[in-house]
Amino acid sequence: MGFRCGIVGLPNVGKSTVFNALTAARVPAENYPFCTLDPNIGRVPVPDERLRKLQAILQMPKVTATSMEFVDIAGLVGGAHRGEGLGNRFLSHIRDMDALAHVVRCFHDPNVAHVQGAISPRADIEVVNTELLLADLETVERALSQVERRRKVGDKAAQEEEVSLRHVHELISRGEPLHRFTQLEMVRQWGEALHLLTAKPLFYIANLDEEGLRKGSPWLDEVEAIAAAEGSEVVPLCARLEAELAEMAPEEAAEFSEVMGLPERGITRLIRVGYRLLGLVTFYTVVGTELRAWTIARGTTAAQAAGHIHSDMERGFIRAEVISVEDFCACGSLANAREKGVLRAEGREYLVQDGDILHIRFHVPH
């Protein structure tokens with residue numbers, strides 16, 4: 001599994017269309033708020049050119065790409081933290097996500113109603129961000145009251161907890177989403193412990209029409225300016241066009257993308273941004289008749305990566321034979337790689353790099 005990404009935004013901004021484009025799931029995408037009540041979940045293979053190159057050389061009968069889950073969460077509205085528009089239910093779905101993709105409407109369509117009455121990316125972003133901040137504020141205030149009670153009865157650990165939690169409370173009270181401060185240990189700790197919504201990595205999807213995608217748009221400029229001020233990223237795409245491409249055969253989709261002047265699918269960029277936000281890397285294994293890609297966090301050791309495959313492999317880890325995809329493709333085979341000395345042995349503390357091919361040696365006594 002790569003990661004779980006929640007697709008959030010106001011109603012009628014194109015969230016379900018983005019989800020359809022990602023998963024070809026054909027979920028409802030109607031012109032009224034809350035047509036998506038329960039979250040729709042789709043697992044998507046991660047596009048991987050390196051995996052394709054390895055398959056071309058190895059000709060393995062079974063190839064398994066790594067995957068990620070997208071969750072189409074119903075639209076937030078003002079007052080969601082108080083339960084407006086089934087808000088509490090929707091906010092609870094967000095708490096389970098690893099990252100959030102905030103879809104912002106950057107297109108005009110008289111046939112698609114806008115819940116705010118007029119298109120304004122800045123106003124739309126403020127509504128969603130405010131609701132997430134207010135939900136976090138309530139969560140932190142409840143936690144503070146519990147910590148205060150523990151401090152008053154002499155719990156020494158509670159004294160330090162209260163100091164750090166009050167700093168987090170101050171950031172949220174100033175209207176600062178916590179994902180801007182993940183370099184602070186207290187933010188990371190409390191964000192994880194309390195499942196704080198604004199502590200989750202977030203990026204924006206600017207949903208444009210075809211003309212806006214080709215020529216640019218003042219609405220896109222507005223989203224990019226907001227994202228730059230936050231230190232966030234923006235993926236511009238036309239959700240309707242991406243949904244159409246998802247319905248085509250790969251060759252037809254590639255030809256149509258070229259005609260439209262799209263050097264890369266928006267969905268591919270979206271996944272890449274998500275990986276970068278969460279610090280994820282991909283490694284590969286060749287076992288029996290299967291070539292497989294795996295996703296792990298950057299900084300994972302070889303032994304931990306082995307445990308990602310199977311717990312016995314971590315427990316009985318001996319060593320990992322490692323070669324990068326690039327070196328393997330240049331050599332053409334493991335035999336050539338050994339001859340040229342680019343296949344190397346690494347111990348359990350080796351930090352797995354993006355694009356490594358691992359062959360795990362392990363032994364579990366019976």
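**Helix α1**

I looked up which residues of α1 are buried, and found K15, S16, V18, F19, N20, A21 and L22. Buried here means under 20% relative accessible area, with exposed over 50% and partly exposed in between, for a 1.4 Å probe and protein chains only. Seven of the nine residues of α1 (residues 15-23) are buried, so the rest of the structure largely encloses this helix.

**Basis of the entries**

I note that the model is predicted, that local features need pLDDT of at least 70 and side-chain atom pairs count only at pLDDT 80 or more, whereas totals for chains, interfaces and linings use all residues. Residues are numbered from 1 along each chain as its sequence is written, and side-chain values use heavy atoms, with hydrogens and water left out.

**Overall counts**

I recorded 15 helices and twelve strands for the protein. Helices (H or I, at least four residues) and strands (E, at least two) are DSSP runs, numbered from the N terminus. Of the 366 residues in the protein, 48% are buried. I also looked up contacts, meaning heavy atoms within 4.5 Å. Among the contacts with a separation of 6 or more, 68% are between residues 24 or more positions apart.

**The six-stranded sheet**

I traced an open sheet of six strands in the order β2-β4-β1-β5-β6-β7, and its pairing is mixed. Two strands pair if DSSP finds at least two bridges between them. The edge strands, β2 (40-45) and β7 (234-237), each pair on one side only. From one strand to the next, the twist averages 25 degrees. Strand β4 (residues 67-72) runs antiparallel to β2, and six bridges join the two. I checked N40 and found D72 as its bridge partner in β4.

I found α4 lying across β5 (99-106) and β6 (202-208), at about 150 degrees to β5. Axes are lines fitted to C-alpha atoms, for helices over the stretch in contact, and angles run from 0 to 180 degrees between N-to-C directions.

Helix α4 (residues 121-152) also packs on helix α5 (residues 156-173), at an angle of about 160 degrees and with the axes 9 Å apart. That makes α4 roughly antiparallel to α5; the term applies over 145 degrees, with under 35 counted as roughly parallel, 65 to 115 as roughly perpendicular and the rest as oblique. On the α4 side, the contact includes L133, L137, V140 and L144; on the α5 side, it includes L165, V168 and I172. By class, I noted eleven nonpolar, three polar and eight charged residues in the contact of α4 with α5. Nonpolar covers Ala, Val, Leu, Ile, Met, Phe, Trp, Tyr, Cys and Pro, charged covers Asp, Glu, Lys and Arg, and the others, Gly among them, are polar.

**Helix α5 against α6**

How are α5 and α6 oriented to each other? I found that α5 and helix α6 (residues 185-193) pack at an angle of about 90 degrees, with their axes 10 Å apart. The two helices are therefore roughly perpendicular. E161, S164, L165, H167, V168 and L171 of α5 meet M186, V187 and W190 of α6. I counted six nonpolar, two polar and one charged residue in the contact of α5 with α6.

**Residue V322**

I located V322 in strand β10 (residues 317-324). Is V322 buried or exposed? V322 is buried, with a relative accessible area of 0%. Leaving out residues up to four places away in sequence, V322 touches V342, L343, R344, E346, Y350, D356, I357 and L358. I also looked up T285, which is 37 residues from V322 in sequence and 10.0 Å from it in space, C-alpha to C-alpha.
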